[in-house]
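Dear colleague,

I am passing on the structure below, together with some notes on what I found in it. Please read them with the coordinates open beside you.

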There are 2 protein chains.
Amino acid sequence: MPPTTSPAIEDYLKTVYAHTEWQPDPITPKALADKLGVAPSSVTEMVKKMAAQGLVAHVPYGPLRLTDAGRERALAVVRRHRLIETWLVAEMGYGWDEVHDEAEVLEHTVSDRLLEAIDVRLGRPARDPHGDAIPSASGDVASEPFVLLSEAPAAHVGRVIRISDRDPAVLRELERRGIRPGVEIEVTDVESERVTLQASGEAGALTRETAAAIWVTA
Amino acid sequence: MPPTTSPAIEDYLKTVYAHTEWQPDPITPKALADKLGVAPSSVTEMVKKMAAQGLVAHVPYGPLRLTDAGRERALAVVRRHRLIETWLVAEMGYGWDEVHDEAEVLEHTVSDRLLEAIDVRLGRPARDPHGDAIPSASGDVASEPFVLLSEAPAAHVGRVIRISDRDPAVLRELERRGIRPGVEIEVTDVESERVTLQASGEAGALTRETAAAIWVTA
DNA sequence: CAGCAGGTTTCGGTGCGCCGAAATATTGCT
DNA sequence: AGCAATATTTCGGCGCACCGAAACCTGCTG
């Protein structure tokens, strides 16, 4: 178990971790392959390596779980990603819908020292522009009770905590509608594929899929 | 000749280009291998690929020259490297002897957009902290007549233009002696392996090798 | 409870960038 | 000119991360 955490393995760890933030049950190889845009056979192989390094626990034909060591590495990568995103928005003139790809690359190449300098410049922020918690250097993550907007009952009132940054188009759409971290939302109606709501004084509706990208306070 | 310029090829291009800044004659495969810390056989192979992409001109068993296309790519990489170095020093609290390795990595991963943002923030600087000219986005490079301090005759008086950033220890050494870009230097004596000089009012001596890392105005 | 549709793994294979050893070319020296 | 030192290339091979095809499990359905 040498500290040979390649960029590829970092991506795997990050993706497994990200899954646990949105879904309670462990991720399957197929889901991982889809999110990474990689063939299932590649996942099998890579997971074998990661298991050998003690980063994931995996029983053949079963799902996938991070070990403590794996979670620690994953959190370090997530920290990098989110700090870089925050920096791009705060200092480099990026919009919150434009930072994901750049951070995706830089998270693997920024040194610890540079990351620390960024963290200090930004005043050690706790959340990134999408509301995602930024793990501390020691691996602590701020957490707060939440519900997915797609799961919230009618009449639920909450503040937007975070919005998934996976789809820039969704971010632009939500921005246009005044939905961003910190905003109050009231769910007015829940249908099978639509959630109707009131945000920033404006009424509107979201598809269930879009609503699943949003955390609101419980 | 697809635009498949990998990080490895970028390093080769940059190194070949850097050589031409310090030496008039074209670089040999051996020298390139040494500077890159790579086996000679790797250079042969990589050069073949680069020649196939029209980036270098190479006759078997002969030296190595950049084509116009190769120079263009090399300048783009050099621009990245030097802008990043400048940024690290200007904004992120790095010393001029500490930026090389970080820039070495980031030059391959920073997007054009982010680079442009950095350039703008810094006010489109013309030289980096070591005095190296930063090529413009269109590939123009500022130049000024110079002599290597190792080649300067006794009694020569000039201003330090640039100092090679290859060896951090040399940079610290020079900094300690007050030798940095912009400083006036008078060569007081030239021996075979030593150059004696006066800089910032202080007398001192440098090995020929160290002096070969310094450009002064002609 | 047999069969089938899925997901998962195995297997052979690819491109990239690297290596060392061996073959070959060039150069400099006597 | 001849030879030895040195540079360059060729060759087989390696590790990484990926692929597709085929074999193999598992769980669900009929």
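In this predicted model, the axes of helix H1 (residues 7-22) and helix H3 (residues 40-52) of chain A come within 11 Å and cross at roughly 95 degrees. Since angles of 65 to 115 degrees count as roughly perpendicular, that makes H1(A) roughly perpendicular to H3(A). On the H1(A) side the contact is made by Ile9(A), Tyr12(A) and Leu13(A), which meet Ser42(A), Val43(A), Met46(A) and Met50(A) in H3(A). Of the residues in this contact, six are nonpolar and one is polar, with no charged residue among them.

Of the atoms of DNA strand C that come within 4 Å of the protein, 68% belong to sugar and phosphate. By class, the surface near DNA strand C comprises 10 nonpolar, eight polar and four charged residues.

Both protein chains contribute helices to this surface: H2 (29-36) and H3 of chain A, and H1 (7-22) and H3 (40-52) of chain B, each supply at least two residues, with the largest share, five residues, coming from H3(B).

As for individual phosphate contacts, a side-chain N or O atom of Ser42(B) is 2.5 Å from a phosphate oxygen of DNA strand C.

With best wishes

Methods
Residues are numbered from 1 along each chain as its sequence is written. Chains are lettered from A and ligands numbered from 1 in the order in which they are written. This is a predicted model: local features need pLDDT of at least 70, side-chain atom pairs count only at pLDDT 80 or more; totals for chains, interfaces and linings use all residues. Side-chain values use heavy atoms; hydrogens and water are left out. Axes are lines fitted to C-alpha atoms, for helices over the stretch in contact, and angles run from 0 to 180 degrees between N-to-C directions. Helices (H or I, at least four residues) and strands (E, at least two) are DSSP runs, numbered from the N terminus. Angles under 35 degrees count as roughly parallel, over 145 as roughly antiparallel, 65 to 115 as roughly perpendicular and the rest as oblique. Contact means heavy atoms within 4.5 Å. Ala, Val, Leu, Ile, Met, Phe, Trp, Tyr, Cys and Pro count as nonpolar, Asp, Glu, Lys and Arg as charged, and the others, Gly among them, as polar. A residue is near a molecule or strand if one of its heavy atoms lies within 4 Å of it. A polar contact is a pair of N or O atoms within 3.5 Å; within protein, one must be able to donate a hydrogen and the other to accept it, and residues adjacent in sequence count only if both atoms are side-chain atoms.
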